[in-house]
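Try each task before reading its solution.

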Amino acid sequence: MSIYCLAFGRNLNQEALAKYREKAPIPLKKHHGKLLVSTPKVEVLEGQPETYEASVILEFPTLEDARNWRQDPDLQSIHALRVGSGDWTVQILTPPQ
């Protein structure tokens, strides 16, 4: 079963985000992740719209891979580029136990 990671960004500095995007494939590849979608456009089907400037969906083969992608100490400088580019929320959709 695939594991999905959702990331939502707002108040983004596009120049800083571009630096992250250059290096983002490194941690994804190391932890077997795949970028499924990255877009500023969302269509609200229900509820109140959020004001995100970026919405991202990543896919990982396991929950461990998803967690390691974000927690790998060797990759913190790359994640810091994203964190420094704006206000981000990153979530893992965990499977039911």
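**Exercise 1. How many positive and negative side chains does the protein have, and how far apart do the centres of the two sets lie?**

Solution. Count Lys and Arg as positive and Asp and Glu as negative, leaving out His and the chain ends. Place each charge at NZ of Lys, CZ of Arg, CG of Asp or CD of Glu. This gives 11 positive and 12 negative side chains, with the two centres 5 Å apart.

A word on the model: it is predicted, so local features need pLDDT of at least 70 and side-chain atom pairs 80 or more, while totals for chains, interfaces and linings use all residues. Numbering starts from 1 along each chain as its sequence is written, and side-chain values use heavy atoms, without hydrogens and water.

**Exercise 2. Which residues touch the most other members of the largest nonpolar core?**

Solution. Start with buried residues (under 20% relative accessible area, 1.4 Å probe, protein chains only). Join buried Ala, Val, Leu, Ile, Met, Phe, Trp, Tyr and Cys through side-chain atoms within 4.5 Å. The largest core has 18 residues, and Tyr20, Leu58, Phe60, Trp69 and Trp88 touch the most other members. Strand S3 (54-60) is one of the elements giving two or more residues; its four are the largest share.

**Exercise 3. Find contacts of Phe60 beyond four places in sequence.**

Solution. Look for heavy atoms within 4.5 Å. The partners include Ile3, Leu28, His31 and Trp69.

Terms used. Buried means under 20% relative accessible area, exposed over 50%, partly exposed in between (1.4 Å probe, protein chains only).
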